[in-house]
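Please open the model in your viewer and keep the sequence panel beside it.

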Amino acid sequence: MYTLKSMAIQDKAYKDSTAPDFSQTFVDMVENYGRSYEFGLATRHYLKHFPLRLPSMAPMGLGMLSKKRMDITPKHIEGIDQLKAILSRAKELEVV
Amino acid sequence: MTEHTNPEGKERIGVYVCHCGTNIAGMVDVEDVATWAARELADRGVVIARDYKFMCSSLGQELIEQDIKEEGLTRVVVAACSPHLHEATFRKACANAGLNPYLCELVSIREQVSWVHTDKVAATEKSKAVLSGGVERVIHHEPLEPLHVPIHPATLVVGGGIAGIQAAIEVADAGYPVYLVEREPSIGGHMSQFDKTFPTLDCSACILTPKMVTAGTHPHIKLFSYSEVTNVDGYVGNFTVTIRKKARHVNEELCTGCGICQEKCPKKVIDDVYEAGLGYRKAVYTPFPQAVPKFPVIDVPNCIYFQKGTCKACEKFCPTNAIDFQQEDEYVTVQVGNIILATGFDLFDPRVVSQYGYGRLANVFTSLEFERLTNAAGPTNGEIVLRDGVTKPTSVGILHCVGSRDRNYNNYCSVICCMQSLKFAHLVHERTGATVYNFYIDMRTAYKEYDEFYQRVLEEGTLFVRGKVAEVTDAARLPQEEGKLIIQVEDTLASVQRRIPVDMVVLSAAMVPRHDAHEVAQLFGISCSSNGWFIEKHPKLDPVATMTEGIFIAGCVQGPKDIPSSVAQGAAASARVLGRIQQGEIALEPVRATVDESKCSGCRICNNLCPYNAILFHEDRMVTEINPALCQGCGTCVAACPAGAISGTCFSNEQIFAQIEGLMRVNFQHEKLAEMA
Amino acid sequence: MSKYLFYPGCAMQTSARAYNESMQEVLGPLGLNFEEVRDWNCCGATEYLGISTVPAYALISRNLALASRQSNGVKTLVASCSACYLNLSKADHYMAERPSLGQMVNVALAEGGLEYTPGTLEIRHLLDIVINEVGLDVVKERVTHPLKGLRVAPYLGCMVPRPDYEKRWSDYEYPDELDRLLKALGAEVIDFPLKTHCCGGHMAQISPTTAFELIRRLISSADNYKADVMVTVCPMCQMNLDAYQNETNHYFHTNYKMPVLFFTQLMGLAFGIDAKKLGFGRELVSAKEAMSRIGIEVPQEEPKTPARRKKTTGLPMPKMPGDEEETQ
């Protein structure tokens with residue numbers, strides 16, 4: 001499944017999907033913090049692609065926040081430098 | 001080397017290398033092999049070496065015969081195809097020229113050389129080595145005489161389905177006695193469960209019951225129903241078979257088959273065999289009205305009397321006092337010369353294909369359940385209805401290849417499912433007017449008038465979707481799917497995903513080998529493929545014989561097939577048996593293993609290895625003996641004997657070691673070249 | 001106390017807080033001792049493997065390397081999130097199957113002073129541990145408050161039973177582990193036809209309308225079966241079905257109110273643990289009404305279900321393994 005997805009992304013075999021961009025945003029967050037950061041991800045992605053949907057999303061987001069199911073600030077891992085080193089070496093090894 | 005030498009002038013060996021058209025000559029330089037043999041093996045006694053286009057042709061055989069006479073050959077080596085194919089041919093040629101046929105050796109340079117290699121130089125070198133091995137071996141061959149054993153005129157037929165019935169009737173009609181053994185209370189097999197048969201749609205019972213009656217009443221057929229074979233001893237021509245007659249608890253001498261006991265029995269049981277779980281029977285029952293024999297049986301685990309000690313309703317009402325609660329299993333021993341196995345198939349259990357919902361979703365049926373639904377004598381009197389017993393479906397989906405042509409379950413094609421599904425489609429149309437969908441991978445309608453039937457069903461308006469169904473579900477997405485079974489399928493001709501709501505789903509499940517096929521194969525000493533189908537001697541040219549002399553197979557026990565093919569095999573097996581019986585005796589290959597009793601330590605390691613049950617053990621003397629008539633010369637015991645006490649004629653240690661030395665004698669030029677490079 | 005290494009995954013601390021809270025509560029009664037992998041990082045969810053290979057596997061494998069370093073004889077690494085479970089298993093599986101990939105990942109790991117030999121760890125999902133290591137007999141012993149009268153839809157999602165590299169699950173299309181567990185808790189378990197269908201995953205962000213349709217199918221099917229609650233084993237499934245349910249209703253003009261809970265929450269309730277400690281109340285679609293059925297002895301009312309099992313006049317159903325169990 002992911003093979004098809006990554007082939008499609010490489011070949012840009014998509015027209016209006018926001019999926020590749022979402023993946024990239026997600027990956028950027030993970031590479032920066034070591035953990036996923038839903039609040040940042042959601043706001044950034046929705047602002048970019050579905051700004052008009054934000055109002056209808058608001059109750060859900062507020063609900064998640066009020067029930068402590070979403071953090072406003074990202075979490076960091078201690079070994080972020082280690083992770084970055086691993087990933088940058090891995091990117092060099094990636095055969096495109 | 002001394003013990004393997006060929007004292008000068010003792011043996012005169014002729015070598016024949018076959019081209020087999022280009023089968024061998026295309027990959028092996030046959031002329032080089034022959035001239036090499038004449039030159040290099042002259043000191044081993046080779047006096048003549050020839051190559052020839054087709055050694056198996058009359059001219060090829062005459063060549064050997066002529067050389068034997070003119071050159072005074074005492075041994076012959078033919079380098080050609082596998083001994084399975086032409087060993088007999090060349091042995092016969094030798095015999096024609098007055099040479100004992102067992103002084104001929106066939107070495108395979110086709111199956112084991114030309115067909116499996118791609119390097120011509122190497123293949124030629126290997127042929128020389130194989131040939132050299134054969135030459136060394138043949139020096140140690142001894143003249144042998146075949147064993148002649150008489151053939152007992154009686155025949156055992158195991159399995160009373162259509163194939164077994166046909167075989168039994170044909171042998172009996174020729175005037176020879178037949179014992180027909182059936183596990184269930186009645187003969188008839190799967191065919192008795194069907195309503196119509198494709199492609200002619202004649203009534204299954206109408207064409208089957210006359211044969212059942214013939215088998216049941218034939219003066220030469222002794223029917224053992226509700227019985228199983230428990231032991232087989234002996235060998236071709238002379239088998240001793242023990243049959244267990246399971247206690248019916250009904251005295252066959254007294255019972256008139258009136259059926260009152262069934263009527264009065266208060267215990268209703270789901271009939272998993274004859275009704276495929278879709279209908280009920282009583283605890284005392286005959287599976288169906290036309291059962292042969294007519295005598296019912298008491299199903300002990302379900303009988304109220306046997307379980308709780310009171311009831312005996314059947315006994316009270318029986319007008320002839322035929323109910324016998326004390327009856328016990330009876331063992332009968334019979335002598336037969338030949339055995340025909342026609343034990344049939346089981347239906348694939350589609351519960352394991354969980355995405356089709358069989359067992360969870362009420363209105364998903366198996367093909368056998370559907371056969372019972374359509375049968376006028378079935379649980380719904382032939383009404384095609386949903387599992388609630390009343391509602392007629394307005395749409396029906398029939399799924400092909402459930403459990404077959406599917407690498408998760410069985411790779412093979414189950415042969416009958418396409419035609420059976422077409423038959424179902426026709427019956428649904430005819431009886432309910434419902435919309436019918438067939439979901440198929442490929443439509444396979446080979447054989448006489450089968451494709452015409454397909455055309456007919458197409459014209460009737462059945463809808464065909466090419467694609468393997470992904471899922472059958474009751475989870476509706478759209479309002480029109482509510483309360484239906486939804487078939488999710490990729491239509492591979494239109495390249496679209498379809499969701500088709502239907503009321504009823506029929507799974508055309510695969511035929512699979514009987515659950516106990518491996519045990520049965522072992523009991524009769526025949527081979528069975530890993531998935532459980534019995535293996536014929538040759539898939540094309542000897543389809544009803546097995547590698548075990550005197551044991552034949554017919555019908556679905558050998559692989560999935562339809563009724564015409566099953567009947568044809570039943571008849572073919574009986575023809576083979578009749579030929580044997582009329583010969584009066586049979587010549588057996590003298591290739592046998594023998595035990596040197598002075599060397600046998602009585603360890604019994606070999607005892608359970610023999611695939612032909614040919615080994616017996618003498619407790620009193622603590623030694624093993626091999627029954628020469630049963631032994632097929634496979635050599636398993638020879639290899640296994642730790643004391644080296646067992647040797648085989650035609651494959652003695654001396655012969656094998658000589659053959660190995662012969663193989664090693666050849667200097668592999670090819671290897672040398674490779675090393676130099 | 002059986003000791004296991006534990007990989008929580010990002011969601012356990014945020015959107016699936018209720019899962020974490022309830023899991024921590026039931027570990028003790030189940031005799032499980034979980035040691036969290038120190039300084040673990042995100043597994044990449046369903047995104048990283050879509051855009052890269054070696055970096056994605058390196059990201060996952062950092063966790064495997066940390067876990068194996070910490071293992072101290074413990075071989076089993078448990079994940080509670082289905083996506084984490086699948087990613088960790090996938091890395092372990094493909095690093096072994098494709099040695100060149102394994103090598104490259106280890107070259108990258110070496111930059112961080114780490115290494116991982118595939119096969120060192122045994123990666124298992126929490127549900128698998130409960131069913132196959134703890135066992136239903138132990139679970140039944142712990143049940144003090146059977147969930148009698150509660151109709152539950154067992155929902156596994158796609159990533160737990162598939163592709164099942166180690167053949168641990170009963171069936172990849174229709175596994176029954178969750179059904180059996182919930183039955184052991186005393187709940188009435190519906191035969192949920194969509195138990196392994198997709199919840200939409202990240203489609204809720206990428207293509208909301210696609211996700212809404214997938215969510216609608218699941219919820220409406222559970223609702224058709226008159227389920228009181230849906231039970232999940234995965235933070236992402238719970239998030240989609242719970243948090244997006246309202247929007248889905250809005251989109252389709254429906255009005256479903258299907259509470260979506262974690263199986264550990266129901267285990268906790270059945271074990272007699274206070275609902276507050278089990279993360280109840282964190283769900284956006286309130287489970288309050290459904291919960292009120294437990295503890296209150298409602299008269300045995302036969303719920304109306306679609307005609308599935310035979311009526312007395314009908315034809316018998318084929319026997320299924322486990323049928324006898326039900327009739328007892």
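## A tour by selection

Begin in chain B by selecting Lys423(B) and Glu371(B), both of which are buried. This is a predicted model, and the distances given on this tour should be read with that in mind. Lys423(B) belongs to helix H12 (residues 417-432) of chain B and Glu371(B) to helix H11 (residues 367-374) of chain B, so the pair ties together parts that are 52 residues apart in sequence.

Stay in chain B and select Asp442(B) together with Arg405(B), which form a salt bridge whose closest N and O atoms are 2.8 Å apart. Here the partners sit in loops: Asp442(B) is in the one between strand S22 (435-440) and helix H13 (450-459) of chain B, while Arg405(B) is in the one between strand S21 (395-402) and H12 of chain B, so this pair ties together parts that are 37 residues apart in sequence. Asp442(B) counts as partly exposed at 30% relative accessibility, and Arg405(B) is likewise partly exposed, with a relative accessible area of 23%.

Next, move to chain C and select Arg180(C) and Asp176(C), a salt bridge in which the closest N and O atoms are 3.4 Å apart. Arg180(C) is partly exposed, with a relative accessible area of 29%, and Asp176(C) is also partly exposed, at 31%. Then select Glu122(C), Arg124(C), Asp128(C), Glu133(C) and Arg168(C), which are joined into one network by salt bridges that share partners. Over all chains, the count comes to 60 salt bridges.

While still in chain C, centre the view on Met236(C), which is found in helix H11 (residues 235-243) of chain C. Is Met236(C) buried or exposed? Its relative accessible area is 17%, and because buried means under 20%, Met236(C) is buried. Leaving aside residues up to four places away in sequence, Met236(C) touches Thr46(C), Cys199(C), Gly201(C) and His202(C). If you also pick Val107(C), 129 residues from Met236(C) along the chain, the two C-alpha atoms are separated by 32 Å.

Now colour chain A by pLDDT, where the mean is 84 and 98% of the residues reach 70 or more.

For the last stop, show chain A and chain C together, where 45 residues of chain A are in contact with 49 residues of chain C. The two chains bury about 4200 Å² between them, 61% of it on carbon and sulfur atoms. Select Tyr2(A), Arg69(A) and Ile86(A), which supply 17% of the area that chain A buries against chain C, more than any other three residues. There are 3 salt bridges between chain A and chain C, and Asp71(A) forms a salt bridge with Arg17(C), the closest N and O atoms being 3.9 Å apart. Across this interface, 21 residue pairs are in polar contact, with both residues at pLDDT 80 or more. Finally, select H5(A), from which the largest share of the side of chain A that touches chain C, 9 residues, comes. By class, that side of chain A has 19 nonpolar, 12 polar and 14 charged residues.

Conventions: Residues numbered from 1 in each chain as written. Chains lettered and ligands numbered in written order. Predicted model: local features only at pLDDT ≥ 70, side-chain atom pairs only at ≥ 80, totals over all residues. Heavy atoms only, no water. Helix = DSSP H or I, 4+ residues; strand = E, 2+ residues; numbered from the N terminus. Buried < 20%, exposed > 50% of the residue type's maximum accessible area, 1.4 Å probe, protein only. Contact = heavy atoms within 4.5 Å. pLDDT = per-residue confidence, 0-100. Buried area = accessible area lost by both parts, 1.4 Å probe. Salt bridge = Lys/Arg side-chain N within 4 Å of Asp/Glu carboxyl O. Polar contact = N/O pair within 3.5 Å; in protein donor to acceptor, adjacent residues only side chain to side chain. Nonpolar A, V, L, I, M, F, W, Y, C, P; charged D, E, K, R; others polar.
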